[in-house]
2 protein chains.
Amino acid sequence: MTYEEFKQLFKLSKENIYKEILIDNRQSIRIKKENTVIKNLEKIFEAALKISSRKGFQAMSMRDLSRASGLSMGALYSYFSGKAAIMDMLRHQLENTIKRIFQERLNPDMDPLTKLRTAIETHLYLSEAMRLWFYFSYMESKNMNRVEREKAMAAELGTEKIFIDILNEGREKGAFRRQDPYLTAAAIKAVLQDWYLKRWKYSGRSITVDQYATFLTDLIETFVLPPPLES
Amino acid sequence: MTYEEFKQLFKLSKENIYKEILIDNRQSIRIKKENTVIKNLEKIFEAALKISSRKGFQAMSMRDLSRASGLSMGALYSYFSGKAAIMDMLRHQLENTIKRIFQERLNPDMDPLTKLRTAIETHLYLSEAMRLWFYFSYMESKNMNRVEREKAMAAELGTEKIFIDILNEGREKGAFRRQDPYLTAAAIKAVLQDWYLKRWKYSGRSITVDQYATFLTDLIETFVLPPPLES
DNA sequence: GTCTATATACGGATAGAC
DNA sequence: GTCTATCCGTATATAGAC
């Protein structure tokens, strides 16, 4: 599957994303009309992600956000209880989306190699489609409060576990050779994350997400597949 | 070489590091007595790194730093021109140390495989010895001013180029198989960085830096060495 | 060389008009 | 629903005593 096909298949439409945020936060949002909320949530979060990616969430003032989103200070505070809540909503929404997409894409009946390839592709393509969300969650997780920070670490371990399980299954079924599944999974995650963390580097070299997917799949398969038999 | 041997060999003594910082910033430090400066620079930077690693540099107030370093607000400002200067000094000092250590450790006459192993080891062990410096430079580089941010990106490309050159040399000499040296080098860097970025994860699993070095070397060698001949 | 006290600006958040 | 005006705490930075 290519990135274009992925985008077609999982229309991660802004409409859907912000509708989910509204549902999850109905009680703290003081505005009644659904259409208004969704339109403004989009403005607010797009602006917050853009500013945060440039100078960090802490350095973004509510006045910055007001200017960039086009809403006044007063209006902003009708949509969340405070600055910290924006961070929580971003992290939470991304986590839900990741869970949903992996469940839709990963079929337990796949053979281990297919499963491994699909998991790598899915993570990479999703992080491409929601790049600033991933970047934000990674860079800001250390600045979250205790509860949110622990959720962020749990999410990191959660997606890593997907890879650990696949690697273990592959070894049990004799499809993969012996290797440390924890370290291998950690390495897969590290390289997956590099794609959205150092976008400037890959853009500068005109590497496409499909090329990156092919490379990473190659790297990992060379490592986990049994060496060619010497006959 | 193990990490213990590395530490013995390159005594990255605090004394030396802060002496270098003093030399590089003689004009902006208003205190005359060298011993006083070195003692206090150590207090200041250790505290700044610790606080920043917990809640980020932006969120660290000068009052936080004053309390943690044991110096008053007034005294602090005798050692640098402003908060931003602390960031610049940290980034700059790390960059100099990296350059120096790589020059000492990498010998142009080594064969490509030895060179590759040595470069991986050197980067990993140095980042272990100066973990908070690496973590700081990585996480805060996006919040630097334009000039400093560009220096940070140049440094990233600089150490990556070490790996690209080794991979190219290995291919020219027939020691390595065909692969994209840019992507391979980027992957090496990503996994190297994961070690100091996600220390909580590796500590939780009791992985030592030597185990990590062995794993990464294995992963990359399996990928770049020619496959065993089918005879 | 180090301290306390303070100047000044900017931050998040809210009240109340429209 | 959205805006403007403002409260009030805390930020960086410095002046000047010791």
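## Close-up views of a predicted two-chain model

**Figure 1. A side chain sits at the start of helix α10 of chain A.** At the start of α10(A), the backbone nitrogen of Y182(A) has a side-chain oxygen of D180(A) within 2.8 Å. The model is predicted. The helix itself runs over residues 181-197 of chain A. Its 17 residues should span 24 Å at 1.5 Å a residue, and the end C-alpha atoms are 24 Å apart, which agrees.

**Figure 2. Chain A is built from helices.** There are 12 helices in chain A and zero strands. Read along the sequence, the pattern is α-α-α-α-α-α-α-α-α-α-α-α. The C-alpha trace of chain A spans about 75 × 35 × 35 Å along its principal axes. Of the 231 residues in chain A, 52% are buried. Now take the contacts in chain A with a separation of 6 or more. Residues 24 or more positions apart account for 67% of them.

**Figure 3. Helix α3 of chain A packs against other helices.** This helix covers residues 34-55 and has 22 residues. From first C-alpha to last, α3(A) reaches 31 Å, close to the 32 Å expected at 1.5 Å a residue. Which residues of α3(A) are buried? Among them are V37(A), I38(A), L41(A), I44(A), F45(A) and A48(A). N40(A) and S52(A) are buried in α3(A) as well. An α-helix has 3.6 residues a turn, so residues three or four places apart point the same way. The buried residues of α3(A) pack against α2 (14-24), α4 (62-69), α5 (73-76), α6 (83-105) and α8 (131-140) of chain A. Just after α3(A) comes G56(A), with a positive phi of about 95 degrees.

**Figure 4. Chains B and A meet across an interface.** The contact takes 45 residues from chain B and 45 residues from chain A. About 3900 Å² is buried between the two chains, and carbon and sulfur atoms give 68% of that area. Which three residues supply more of the area that chain B buries against chain A than any other three? They are K142(B), L183(B) and F215(B), which supply 17%.

**Figure 5. Polar pairs and helices line the interface.** Between chain B and chain A, 10 residue pairs are in polar contact. Six helices of chain B, namely α3 (34-55), α8 (131-140), α9 (146-172), α10 (181-197), α11 (199-204) and α12 (209-224), each supply at least two residues of the side that touches chain A. The largest share comes from α10(B), with 10 residues. By class, this side of chain B has 23 nonpolar, nine polar and 13 charged residues.

**Figure 6. Salt bridges cross between the chains.** Eight salt bridges are found across the interface of chain B and chain A. In one of these views, the side chains of E160(B) and K201(A) meet at 2.7 Å, N to O. A network of salt bridges links E156(A), E160(A), K189(A), D194(B), K198(B), K201(B) and R205(B).

**Figure 7. A salt bridge joins two helices of chain B.** Over all chains, the whole structure has 47 salt bridges. In one of them, the side chains of E46(B) and K14(B) meet at 3.6 Å, N to O. E46(B) lies in helix α3 and K14(B) in helix α2 (residues 14-24), so the pair ties together parts of chain B that are 32 residues apart in sequence. E46(B) is partly exposed, at 30% relative accessible area. K14(B) is also partly exposed, at 42%.

**Figure 8. A salt bridge stays within one helix.** E104(B) and R100(B) form a salt bridge, with the closest N and O atoms 3.1 Å apart. How far apart are E104(B) and R100(B) in helix α6 of chain B? They are four residues apart, so about one helical turn separates them. E104(B) is partly exposed, at 45% relative accessible area. R100(B) counts as partly exposed too, at 33%.

**Figure 9. A salt bridge links distant parts of chain B.** The side chains of E128(B) and R199(B) meet at 3.1 Å, N to O. E128(B) is in helix α7 (residues 112-129) and R199(B) is in helix α11, 71 residues apart. Is E128(B) buried or exposed? E128(B) is buried, because its relative accessible area is 15% and buried means under 20%.

Conventions:
Residues are numbered from 1 along each chain as its sequence is written. Chains are lettered from A and ligands numbered from 1 in the order in which they are written. This is a predicted model: local features need pLDDT of at least 70, side-chain atom pairs count only at pLDDT 80 or more; totals for chains, interfaces and linings use all residues. Side-chain values use heavy atoms; hydrogens and water are left out. The expected span of a helix is 1.5 Å times one less than its number of residues. A polar contact is a pair of N or O atoms within 3.5 Å; within protein, one must be able to donate a hydrogen and the other to accept it, and residues adjacent in sequence count only if both atoms are side-chain atoms. Contact means heavy atoms within 4.5 Å. Buried area is the accessible area (1.4 Å probe) that two parts lose on being put together, summed over both. A salt bridge is a side-chain nitrogen of Lys or Arg within 4 Å of a carboxyl oxygen of Asp or Glu. Ala, Val, Leu, Ile, Met, Phe, Trp, Tyr, Cys and Pro count as nonpolar, Asp, Glu, Lys and Arg as charged, and the others, Gly among them, as polar. Buried means under 20% relative accessible area, exposed over 50%, partly exposed in between (1.4 Å probe, protein chains only).
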